[in-house]
Amino acid sequence: NIKVKNLLKIIHKHNTILMGDFNSPIQSEVIKKISSSIPNADQNPSEPTWTIYPFDYHGHVEDKLRHRLDNIFITDDLTVENFEVEHSQGSDHLPVSASIEI
């Protein structure tokens, strides 16, 4: 994916936190490529973050929380002290948070 290649070219290799909704499941090539360059802050990124509300868009139907789309990646020089998938009804995504030692 050209967007991922371009992203990985411009991110710093030190003191970097990359986070957000990547719209790609954890087992996708996109996430695998990012993880190979900058590790996921969650050592076991299996807890789903999307969708907490029923979703139906042009035949793509989701009716329960089953996908991990939201991630935090950090460079090796940073240390994760705590990672959590939070619980909230403020969005169709559950928030992820991490305490990171810089």
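This is a predicted model: local features need pLDDT of at least 70, side-chain atom pairs count only at pLDDT 80 or more; totals for chains, interfaces and linings use all residues.
Leaving aside its neighbours within four places in sequence, which residues is Pro39 in contact with? The legends below take up this point and others in turn.

Figure 1. Residues are numbered from 1 along each chain as its sequence is written, and side-chain values use heavy atoms, with hydrogens and water left out. Pro39 sits in the loop between helix 2 and strand 2 (55-57), where helices (H or I, at least four residues) and strands (E, at least two) are DSSP runs numbered from the N terminus. Apart from neighbours within four places in sequence, Pro39 is in contact with Ile72, Phe73, Ile74 and Asp76, contact meaning heavy atoms within 4.5 Å. Pro39 counts as partly exposed because its relative accessibility is 26%, given that buried means under 20% relative accessible area, exposed over 50%, and partly exposed in between (1.4 Å probe, protein chains only). From C-alpha to C-alpha, Pro39 and Ile17 are 9.8 Å apart in space, and they are 22 residues apart in sequence.

**Figure 2. The whole protein, as a setting for the close-ups.** The secondary structure comes to two helices and six strands, and from the N terminus on the elements run α-β-α-β-β-β-β-β. The C-alpha atoms fill a box of roughly 40 × 30 × 20 Å, taken along the principal axes, and buried residues make up 34% of the 102 residues. Among contacts with a separation of 6 or more, 60% are accounted for by residues 24 or more positions apart.

**Figure 3. Helix 2 and its buried residues.** In helix 2, which spans residues 29-37, Val30, Ile31 and Ile34 are buried. Seen down the axis of helix 2, these buried residues fall within an arc of 90°, so they line one face of the helix; the arc is that of the directions from the helix axis to the C-beta atoms. The buried residues of helix 2 pack against helix 1, strand 1 and strand 4 (70-74), whereas Glu29 and Ser36, on the other side of helix 2, are exposed.

Figure 4. Thr16 is found between helix 1 (2-10) and strand 1 (17-21), and it counts as buried because its relative accessibility is 11%. Not counting residues up to four places away in sequence, Thr16 touches Ile11, Ile38, Phe73, Ile74, Thr75 and Leu78.

**Figure 5. His93 and its polar contacts.** His93 has its place in the loop between strand 5 (79-85) and strand 6 (96-101), and with a relative accessible area of 14% this residue is buried. The side chain of His93 makes a polar contact of 2.8 Å with the side chain of Asp70, and another polar contact, of 3.3 Å, joins the side chains of His93 and Asp21. A polar contact is a pair of N or O atoms within 3.5 Å; within protein, one must be able to donate a hydrogen and the other to accept it, and residues adjacent in sequence count only if both atoms are side-chain atoms. Not counting residues up to four places away in sequence, the residues that His93 touches include Thr49, Trp50 and Leu69.
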